[in-house]
Amino acid sequence: MSKPKAKAESGGDEAELPDGGWGWVLVAALFISTSLVFGLMRSLGIFFVEFVQYFEESAQAISWISSTGLAAQQFFSPLGAALCNAYNARLVVMVGGFLAGFGLILASQATSLVHLYLTMGLISGLGWGLVFTPMVATVMANFTRRRTLALGVAFSSIGLSSFAFNPLFQLLVETYAWRGALLILGGLSLNIIPCGALIRPQQQRPKPKVVSVKTTSCAALLQRVFSYLELSLLLERPYLTYTLGVTLFNVGYFVPYFHLVAHSRQVGFSEYEAAFVMSAAGATDILGRVTSGWFSDLGYFRLIHLMSLWTALAGVFIMLLPVSSLSGSYAALMVISLLYGFCSGALTSLVFAVVPKIVGVQRMMGALGLLQLIESGAGLLGGPLSGLLRDVTGNYTASFVVAGSFLILGTLTMATLPHFFSCTDPPQRCSQNDKDACSHPELHQMNSIPSDTMVQ
Amino acid sequence: MALSMIYSPLLLLLVSCSRRVVSKTTGPTPAPLVPTSTLPTYVKSVVLKGESHTERLELLNPVNLTLECTWAGNQNKEPNITGWWLKDGNDVPNSRVPVELQNEQYNLRGVFSVNNDTTLGNYSCVFANEARIDFLLEAPQIGDVREKPIVSYIGDSTVITCKMDDTKPMPITWNWFRDNGTEKEQIIAESSRFEIKNDERKTRLVVHDLTEEDSGLYYCGAVFAISTPMSHVKLKVITIMEPLKPFLAILVEVVVLVAAILLYEKTQSKKKATAENVPSADQNNTVTQEEPNGPEGSPSTRQRKV
């Protein structure tokens with residue numbers, strides 16, 4: 001009896017459980033916006049040479065631009081999530097896309113380094129923060145069985161776009177100088193706006209609670225902000241454990257990106273060989289994202305187990321990297337790097353896909369936002385720590401070993417999650433209001449959709 | 001092209017490690033030549049293995065350069081052959097001399113006064129057209145040349161740099177030149193828009209308030225006592241319109257896409273609205289009333305849209 005009702009009230013353009021259909025259009029939108037956020041961030045290095053020459057500043061001062069941008073993106077993630085909870089994701093993403101492009105357009109007129117920090121760093125970073133988490137959460141809400149594959153396909157854009165953007169940015173800088181190139185990049189970033197426009201209002205996840213009485217009192221406002229930011233998650237052990245685990249991952253995850261080339265050069269390989277190792281690892285990274293996404297969705301194993309497998313393996317391979325290269329064999333270094341690339345790509349999509357298993361689909365948006373914020377600290381810690389170890393010991397072996405051990409430590413932390421060792425997913429969390437949510441989370445989500453359309 | 005074949009007491013700086021025939025004699029000197037300048041002297045000796053060889057010499061200051069060539073000869077080992085010198089492929093006048101076979105070797109020596117750009121170049125000693133050693137004399141070259149033009153905008157300022165490798169000696173100073181159509185004109189730092197910052201190994205030319213006429217080739221010269229080797233950088237000044245054109249194109253594309261997407265969605269929802277118009281009254285009812293509506297075809301209408 002509930003089945004035809006569900007079908008009838010679904011509004012007519014979705015399957016029973018959201019999985020595919022318009023969801024794949026959103027995957028394409030996420031693909032494009034992720035490449036315009038992270039792919040762009042990764043290729044900004046080309047501008048740095050120009051900035052160093054034009055502003056006559058040190059390389060370190062220039063590198064703060066991208067650090068500010070990344071930090072702003074992660075810091076404003078909970079804000080983006082909260083705004084989506086309060087309003088709708090489409091508006092937030094479109095505004096975010098506008099800010100991202102606007103920041104770069106303003107940066108093209110910069111006359112000092114501080115201008116660049118404020119425009120390329122802060123404004124664009126704010127825009128990126130308003131784009132990434134809402135788009136990821138929206139895509140995840142639109143898939144159930146093939147969630148991880150969707151994420152894997154979308155995140156493969158980061159690697160692919162880095163390949164494409166590096167020569168493109170180089171060409172832009174050579175033709176139009178950095179000012180013109182930034183202007184055009186700002187325009188390209190505005191393409192996030194149509195990606196956001198693709199989010200259909202009735203396909204959002206339902207609002208967590210409807211505040212029946214709108215008061216302007218402080219307490220009520222605070223309570224609403226509290227619920228929009230999903231701060232209640234910070235009081236729950238499973239979420240905290242998970243966040244801690246992901247933070248530990250992040251400390252070690254980026255170390256090879258920073259230091260693999262330098263380490264290869266130090267061990268004695270040529271510049272070309274070292275760069276090729278990185279490119280090869282990047283290629284298997286892309287492969288790993290898509291493959292692990294597809295495999296995880298086949299359902300043979302729980303997502304959390306697969307994620308633990310990939311993170312443990314990635315940790316082991318990171319630790320093996322200096323060992324293989326110290327033996328002097330290029331083939332060994334290449335093999336370990338390929339395996340590392342595959343594992344690190346494989347774990348990326350799973351890290352996001354596991355979140356709704358822990359907090360439920362409804363609170364996913366806020367959970368992702370907070371996760372981004374908390375894990376940002378780890379990224380800031382990992383780079384300098386490994387650099388410090390290298391300065392103290394004289395080579396990169398210690399840095400890699402420590403980085404790998406952080407990943408393994410994170411895996412062990414994950415093992416303390418409740419129901420980790422059971423073979424089936426734990427029952428979904430019950431939120432206070434809806435008893436239905438406990439037994440049929442996806443059904444509940446879909447049931448409330450027509451109420452949204454009616455309201456609109 | 002000053003050439004004097006002088007036998008004079010020399011300070012020997014042996015670089016190659018073969019047997020050397022050192023001649024300190026004051027031998028048969030046709031011309032009473034006295035070193036008129038106070039140039040320092042330098043000797044470079046090369047033994048030829050094979051048929052030809054090239055030797056590069058980096059000179060900073062004017063010198064009286066003595067170049068010695070030694071050749072082991074071929075199978076014939078004729079007792080007397082002719083040897084001469086070439087400068088940049090042209091015969092050096094009065095350089096053709098007979099060369100005796102001494103200790104199974106032929107020796108040829110030339111003394112050259114190298115003190116400016118014209119005297120730098122490619123000196124070659126030739127043994128009877130059979131063996132040849134090239135000496136490339138040059139001032140330290142500026143490496144690290146930027147091949148792509150520097151692009152900048154009207155009204156903006158730009159920085160052009162030149163750098164001398166760490167492995168090469170430091171120049172005395174740096175000069176900047178601009179192509180004036182016919183020749184190179186030196187840029188004077190005191191003039192309003194140009195600023196030159198010299199830093200031993202690096203030099204920076206800052207040009208403020210660029211105009212389109214500032215486009216062209218700029219030469220940086222590393223000044224050494226002997227010569228001023230140059231390297232060039234091309235500057236291209238463009239207007240803001242250049243990047244603005246692709247930017248506006250992208251802007252138009254974004255607006256069109258957004259409009260198309262929103263329009264498409266509106267038409268989709270309109271279709272939905274007209275289809276749902278019929279049972280709209282039913283939608284507000286409770287669920288149980290939907291069943292009797294079945295035979296009227298409205299649920300199937302809704303389902304058909306899927």
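User: How many residue pairs are in polar contact between domain 1 of chain A and domain 2 of chain A?

Analyst: Polar contacts are pairs of N or O atoms within 3.5 Å. This is a predicted model. Between domain 1 of chain A and domain 2 of chain A, the count is six residue pairs, both residues at pLDDT 80 or more. Salt bridges across that interface number zero.

User: Which elements give two or more residues to the domain 1 side?

Analyst: In chain A they are helices H4 (59-75), H5 (77-86), H7 (113-141) and H8 (147-189). H8(A) gives the most, twelve residues. By class, this side has 17 nonpolar, ten polar and four charged residues.

User: What area is buried between the two domains of chain A?

Analyst: Buried area is summed over both parts. Here it is about 2,500 Å², with 73% from carbon and sulfur atoms. Contact involves 31 residues of domain 1 of chain A and 27 residues of domain 2 of chain A. The C-alpha centres of these domains are 22 Å apart.

User: How is the chain B interface read for area and polar contacts?

Analyst: Domains 1 and 2 of chain B bury about 650 Å² between them, 65% of it on carbon and sulfur atoms. Three residue pairs are in polar contact, both at pLDDT 80 or more.

Key: Residues are numbered from 1 along each chain as its sequence is written. Chains are lettered from A and ligands numbered from 1 in the order in which they are written. This is a predicted model: local features need pLDDT of at least 70, side-chain atom pairs count only at pLDDT 80 or more; totals for chains, interfaces and linings use all residues. Side-chain values use heavy atoms; hydrogens and water are left out. Buried area is the accessible area (1.4 Å probe) that two parts lose on being put together, summed over both. A polar contact is a pair of N or O atoms within 3.5 Å; within protein, one must be able to donate a hydrogen and the other to accept it, and residues adjacent in sequence count only if both atoms are side-chain atoms. Domain bounds come from an automatic or database domain assignment. Contact means heavy atoms within 4.5 Å. A salt bridge is a side-chain nitrogen of Lys or Arg within 4 Å of a carboxyl oxygen of Asp or Glu. Helices (H or I, at least four residues) and strands (E, at least two) are DSSP runs, numbered from the N terminus. Ala, Val, Leu, Ile, Met, Phe, Trp, Tyr, Cys and Pro count as nonpolar, Asp, Glu, Lys and Arg as charged, and the others, Gly among them, as polar.
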